[in-house]
Amino acid sequence: MPSGSHLDSEQTGCKLLSVKIRVDSEVGMVDRVLVTGVSGFIGGHIAAELLRRGYAVRGSVRSQTRAAEVRAAVTAAGADDTLLEIRQLDLLSDEGWAAAAAGCRFVLHVASPFVTTKPKDPDDLIRPAVAGTTRAVDAALDAGVDRVVVTSSLAAVQYAPASSDHIFTASDWTPPDRRDLGAYVTSKARAERAAWDIADRRGARDRLAVINPGTVIGPLLSDDPGTSVSAIQQIMAGALPMVPDLRLPWVHVRDTADAHIAAMTSETAGATRTIVATDPSSLIDAAAVLRERLPEESKKIPKRAMPTWLTWLASVFEPQLRDNRWLIGSAQRFDHTPVEALLARPLRSIPDTIEETGRSLAQRQLI
């Protein structure tokens, strides 16, 4: 990488807030970025990419017991962890947020509530999502950062009232108070609204940018596949006798990471939300890609596709299908133009991304 440059060859089309990492001559520190949720799938990839580009990263975790795991993950991703600092932050506690944001030029709020199963009380997911976003945005603005980027979700877009031929854009908003939405969707819709409300109230809308990723997959940095990659994991493990007709808006985790970093530095990204997702493709198609490209790992992959009607019936009894039944036979479409303009390149190939995900799962013996 050229000395002092933020850019790689894929991002030269962006107009940036600054094309060089600022160096403090007294302490020899480069620009520091607070990345919350650095132990997560997306957060880990963002941290690794920032370190590769020469930034100092202050990452937050729920517990310091994850610190060694984070360092091992970013090192395995080819990044030097010398400029990585780990802080402990809790989405439901004020402690440490001001100190974590202090001295940072940018804040990327990627952390989301941690739940292993669907909560009985939706507020167990909604409350920390909103509270954590509120703390992150307030702390960032209090610290005077140039830009705070919030990781929202495509879920905060795709439940907007729309016709069947509608192409969803950043102008579409999931109503945060719809009663028929699950806890996850509601948490994302309300947390993003909270971020914009804070920015508007403080006259800092141009200092906020939001990324709305779809189903994020790609190579793992640890043995935790997370929620999104588990769909590929379950196909490869033969968790169901047939592949259900769920259609997901896949996106490569590195595209997601690059979009966060581009939104952090692009002059035109302030006061915008950016969809980072492809039009949905089915688990059936994903299974076909895995069988073709990873034949040595295809023994457990179901060869039969579950018809749409049977997928609906199975969703009555299978919790994961039930929680995602709105994706059965989904034909939604999304505007990719803004994210490709932000990245100055197309999004990565989804078949290639599925293959890369499958190889990563196999190498880690997670299937």
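**Helix packing and a strand pair in a predicted model**

Helix 4 passes helix 5 in a right-handed crossing (the near helix is turned clockwise from the far one by less than a right angle). The model is predicted: local features need pLDDT of at least 70, side-chain atom pairs count only at pLDDT 80 or more, and totals for chains, interfaces and linings use all residues. Residues are numbered from 1 along each chain as its sequence is written, and side-chain values use heavy atoms, without hydrogens or water.

Helices here are DSSP runs of H or I with at least four residues, and strands are runs of E with at least two, numbered from the N terminus.

Strand 7 (residues 208-213) pairs with strand 11 in the parallel sense over five bridges. Pairing requires at least two DSSP bridges between strands. Ile211 stands opposite Thr274 in strand 11. Strand 11 covers residues 272-276, and four of its five residues are buried (under 20% relative accessible area, with a 1.4 Å probe and protein chains only).

Ala263 lies in helix 7 (residues 253-265). Ala263 counts as buried because its relative accessibility is 2%. Beyond its neighbours within four places in sequence, Ala263 contacts Arg147, Val149, Ala209, Ile211, Ala269 and Leu342. Ala263 and Val150 are 113 residues apart in sequence, yet 9.8 Å apart in space, C-alpha to C-alpha.

How values were computed: Buried < 20%, exposed > 50% of the residue type's maximum accessible area, 1.4 Å probe, protein only. Contact = heavy atoms within 4.5 Å.
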